[in-house]
Amino acid sequence: MQDEYRTVARAGVHETEINRSRFLCALAPAATERDAQDFVAAVRKEHADASHHCFAYVIGADAAVQRASDDGEPGGTAGVPMLQMLLRRDMRYVVAVVTRYYGGVKLGAGGLIRAYGGAVGEALDTVGTLTRRRFRLATVTVDHQRAGKVQNDLRSTGRAVRDVRYGEAVTIEIGLPDAEVEAFRSWLADSTAGTAGFELGGEAYGDA
């Protein structure tokens, strides 16, 4: 698994004009390929009168799914430069759609490549990105008497507390970087006099 990747902070649109053609780049997070396809379809519907709807998306922390479409522009002048821009920026779980309203002036192959790739780059700068890092899920089980202090200590040291459940004991789910697991295990034993339970779970990604 990748140690980290970047994605868009939110959905957003950035518009630019080149030689009287309007280029609207719509970006959105996409957890699955279906999400990406649905977003492309929604943009097509919203701008049904546009000349082209070129798109690119990257799904998976390891960029396992990569798709691009020129949507009628000359081959390789739209979708591919859009995809290359996403990959160059280490973007994952993201979809980009560039809607073009043709302004009557042909841009040529080089101009189109710069326009479509550039529209995605400018949109990423405008919408903003965030980094997500890989971590291990872990469960801490502690008695009610110590639970409040443990939770406060976790938060004050910047640990990501993901869930807290109250039963006979208190179960706290956290996220830990792999490199910190053993140090955390020792800290937990010291701070709870060895009374807390600690169990490692699977891997996930969270905000850096």
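**Exercise 1. Aromatic pairs**

Task: State how many aromatic pairs a search of the whole structure finds, and describe the geometry of the pair formed by F184 and F198.

Solution. The search of the whole structure, which is a predicted model, finds 6 aromatic pairs. A pair of aromatic rings is described by the distance of the centres and the angle of the planes. For F184 and F198, the centres are 5.5 Å apart and the planes stand at 45 degrees, a tilted arrangement. The pair links distant parts of the chain, since F184 belongs to helix α5 and F198 to strand β10 (residues 197–207), 14 residues apart. Elsewhere, Y5, Y93 and Y205 form one aromatic cluster.

**Exercise 2. The faces of helix α4**

Task: Determine whether the length of helix α4 (residues 144–156) agrees with expectation, and identify which residues of α4 are buried and which are exposed on the other side.

Solution. Begin with the length. Helix α4 has 13 residues, which should span 18 Å at 1.5 Å a residue; its end C-alpha atoms are 19 Å apart, which agrees. Next, consider burial. The buried residues are A147, V150, Q151 and L154. Seen down the axis of α4, these buried residues fall within an arc of 105 degrees, so they line one face of the helix. The spacing follows a general rule: an α-helix has 3.6 residues a turn, so residues three or four places apart point the same way. On the other side of α4, the exposed residues are Q145, K149, N152 and S156. The cover over the buried residues of α4 includes β7 (129–142), β8, β9 (170–176) and α5 (181–191). Just after α4, G158 adopts a positive phi of about 80 degrees.

**Exercise 3. An annotated region**

Task: Describe the chain over the residues that UniProt annotates as "domain: UPF0029".

Solution. The unreviewed UniProt entry assigns this annotation to residues 140–194. Over residues 140–194 the chain is 44% helix and 31% strand, and the end C-alpha atoms are 12 Å apart.

Definitions and conventions
Residues are numbered from 1 along each chain as its sequence is written. This is a predicted model: local features need pLDDT of at least 70, side-chain atom pairs count only at pLDDT 80 or more; totals for chains, interfaces and linings use all residues. Side-chain values use heavy atoms; hydrogens and water are left out. Helices (H or I, at least four residues) and strands (E, at least two) are DSSP runs, numbered from the N terminus. The expected span of a helix is 1.5 Å times one less than its number of residues. Buried means under 20% relative accessible area, exposed over 50%, partly exposed in between (1.4 Å probe, protein chains only). The arc is that of the directions from the helix axis to the C-beta atoms. Contact means heavy atoms within 4.5 Å. UniProt positions are given in the numbering used here, feature names are shortened, and annotations may be inferred rather than shown by experiment. Rings of Phe, Tyr and Trp (its six-membered ring) pair if their centres lie within 6.5 Å; planes under 30 degrees apart count as stacked, over 60 as edge-to-face and the rest as tilted.
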